[in-house]
Amino acid sequence: MITRRCFCSSAPRPWLFVGLGNPGDKYKGTRHNVGFEMIDAFAKAQGIEMNTLNCKAIFGQGFVGDAPLLLAKPQTYMNLSGESTGALAAYYKLPLNRVIVFHDDMDLPCGVLRLQDKGGHGSHNGLKSVIYHFQGNREFARLRIGIGKPPGQMDPKAFLLQKFNASARERIDTALQEGVEGLKLLLLKGLTEGARRFNTEQKYKHIRLQTMPT
């Protein structure tokens with residue numbers, strides 16, 4: 001749980017967790033906003049209040065164990081997420097290996113998660129913006145949150161802006177809690193070991209879910 005301490009020069013360098021999404025009630029609960037939902041789930045589980053604005057993001061900060069932590073939900077709309085993410089990393093003088101971006105991913109089955117230490121944008125406009133504002137540097141971690149692929153010939157953009165049906169919603173709610181535990185493990189064990197353990201667990205879930213409808 002969070003402890004009430006001050007960020008100071010003697011503390012370890014903080015982690016920055018950034019969830020991608022679109023602001024406003026219109027987009028709440030849509031597939032494209034699961035990055036926001038992961039931030040909210042983690043903040044709630046750890047008792048971190050998301051009650052300030054900082055660098056165009058809804059923002060909170062605290063400690064998980066001895067690890068100082070910054071949480072952010074950019075309010076710039078998805079395609080400009082990098083404006084906020086880049087500004088936050090610069091303001092807190094963070095190297096990119098202390099940044100993790102949470103985002104929806106159509107290449108994973110709904111409810112399957114994956115932690116990666118780096119990667120491309122995979123045609124995700126939010127990630128494109130983050131990479132652009134990191135001067136093209138892709139050496140930051142991501143928590144990929146599977147939402148599945150659009151059915152049939154459905155427009156991917158329409159799919160992203162739809163809310164989850166009941167069965168998919170159940171999978172996402174379970175995934176959010178698994179994500180919270182995975183992120184806590186990362187903060188305890190570090191990115192490499194935390195991701196190795198977490199991804200091993202998620203691999204078996206992937207096998208179970210990949211042939212099931214979204």
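Glu181 and Lys184 form a salt bridge, with their closest N and O atoms 3.4 Å apart; the term covers a side-chain nitrogen of Lys or Arg within 4 Å of a carboxyl oxygen of Asp or Glu. The two residues are three apart in helix 5, so about one helical turn separates Glu181 from Lys184. Helices (H or I, at least four residues) and strands (E, at least two) are DSSP runs, numbered from the N terminus. Glu181 is partly exposed at 45% relative accessibility, and Lys184 is also partly exposed, at 31%. Here buried stands for under 20% relative accessible area, exposed for over 50%, and partly exposed for what lies in between (1.4 Å probe, protein chains only).

The structure is a predicted model, in which local features need pLDDT of at least 70 and side-chain atom pairs count only at pLDDT 80 or more, while totals for chains, interfaces and linings use all residues. Residues are numbered from 1 along each chain as its sequence is written, and side-chain values use heavy atoms, with hydrogens and water left out.

Helix 5 (residues 166–189) holds another such pair, Asp173 and Arg169, which lie four residues apart and are thus separated by about one helical turn. Their side chains meet in a salt bridge at 3.0 Å, N to O. An α-helix has 3.6 residues a turn, so residues three or four places apart point the same way. Asp173 is partly exposed, with a relative accessible area of 37%, and Arg169 is partly exposed at 21%. Glu37 joins the picture too: together with Arg169 and Asp173, Glu37 is linked in a network of salt bridges.

In total, nine salt bridges are counted. One of them pairs Arg144 with Asp105, whose closest N and O atoms are 2.6 Å apart. This pair links distant parts of the chain, as Arg144 sits in strand 7 (residues 141–146) and Asp105 in strand 5 (residues 99–105), 39 residues apart. Arg144 is buried, with a relative accessible area of 15%, and Asp105 is buried as well, at 10%.

Attention now turns to helix 2. Within this helix (residues 81–91), the buried residues are Ser81, Gly82, Ser84, Thr85, Gly86, Leu88 and Ala89. Their cover includes strand 1 (15–19), strand 2 (52–54), strand 3 (57–64), strand 4 (67–74), strand 5 and helix 3 (125–133), where contact means heavy atoms within 4.5 Å. After helix 2 comes Lys93, which has a positive phi, near 55 degrees.
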